[in-house]
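Colleague: I am new to this structure. Please take a close look at the contacts of its charged and ring-bearing side chains, and walk me through them.

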Amino acid sequence: MSLLMRVAPNLVQAIRAFRVGDLQQEAGRLGHHFLYAHCANTLTKQQVCARIGENFYFPKPCSKNFDALRTCLTETIHQAGPQPGFIVVLEQLPSAQKFDKEARENLLDVFRDAAEFWAEKKVPFRVFYSFATVPPTA
């Protein structure tokens, strides 16, 4: 039985009850790419884009901003040839002054756009994310 049996093939959602290791195993079982970025200790849009690009092994130009990241997640990968599917995990997205709620939503919109792009090509693209916990202020 598939871990993702009740999960739409193209979506962006909070990781909730899923564990990263289980998602990685499921990607292997399905023959999908597993893309993982741990974004702890990032504070700005540039740092988040750079971390995602590094962790996904994207060329540096793909890590410059949200538009470049969107292009790399869609057109660049599509041009590389047929794709089996993707399971993406974005862990510990920051909650910082320079990466506020609007910036987080803009980043998730990049991945929603990618999910729509791949849905049109009938390629599963599932994204799971979590936010960093904000330490209490004294």
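Modeller: Buried means under 20% relative accessible area, exposed over 50%, and partly exposed in between (1.4 Å probe, protein chains only). This is a predicted model, where local features need pLDDT of at least 70 and side-chain atom pairs count only at pLDDT 80 or more, while totals for chains, interfaces and linings use all residues. Residues are numbered from 1 along each chain as its sequence is written, and side-chain values use heavy atoms, with hydrogens and water left out.

Salt bridges come first. The count is six (a side-chain nitrogen of Lys or Arg within 4 Å of a carboxyl oxygen of Asp or Glu). Take Arg 70. Its side chain meets Asp 67 in a salt bridge, 3.0 Å from N to O. Both residues sit in helix 3 (residues 66-79), three residues apart, or about one helical turn. Helices here are DSSP runs (H or I, at least four residues), numbered from the N terminus. Asp 67 is exposed, at 52% relative accessible area. Arg 70 is partly exposed, at 24%.

Arg 70 also forms a salt bridge with Asp 113, with the closest N and O atoms 2.8 Å apart. Asp 113 lies in helix 4 (residues 101-120) and Arg 70 in helix 3, so this pair ties together parts that are 43 residues apart in sequence. Asp 113 is partly exposed, with 32% relative accessibility.

Now turn to helix 1 (residues 20-30). It holds both Glu 26 and Arg 29, three residues apart, about one turn of the helix. These two form a salt bridge as well, their closest N and O atoms 2.8 Å apart. Glu 26 is buried, at 6% relative accessible area. Arg 29 is exposed, at 52%.

Next, the rings. The whole structure has seven aromatic pairs (Phe, Tyr or six-membered Trp rings with centres within 6.5 Å; planes under 30 degrees apart are stacked, over 60 edge-to-face, the rest tilted). One of them is Phe 34 with Tyr 36, a stacked pair at 6.3 Å centre to centre and 10 degrees between the planes. Phe 34 is partly exposed, at 22% relative accessibility. Tyr 36 is partly exposed, at 26% relative accessible area. Elsewhere, ring pairs join Phe 86, Phe 117, Trp 118 and Phe 125 into a cluster.

Last, charges over rings (NZ of Lys or CZ of Arg within 6 Å of the ring centre and within 35 degrees of the ring normal). Lys 45 lies over the face of Phe 66, 5.2 Å from the ring centre. The charged end of Arg 104 sits over the ring of Phe 131, at 5.2 Å from its centre.

Methods: Helix = DSSP H or I, 4+ residues; strand = E, 2+ residues; numbered from the N terminus.
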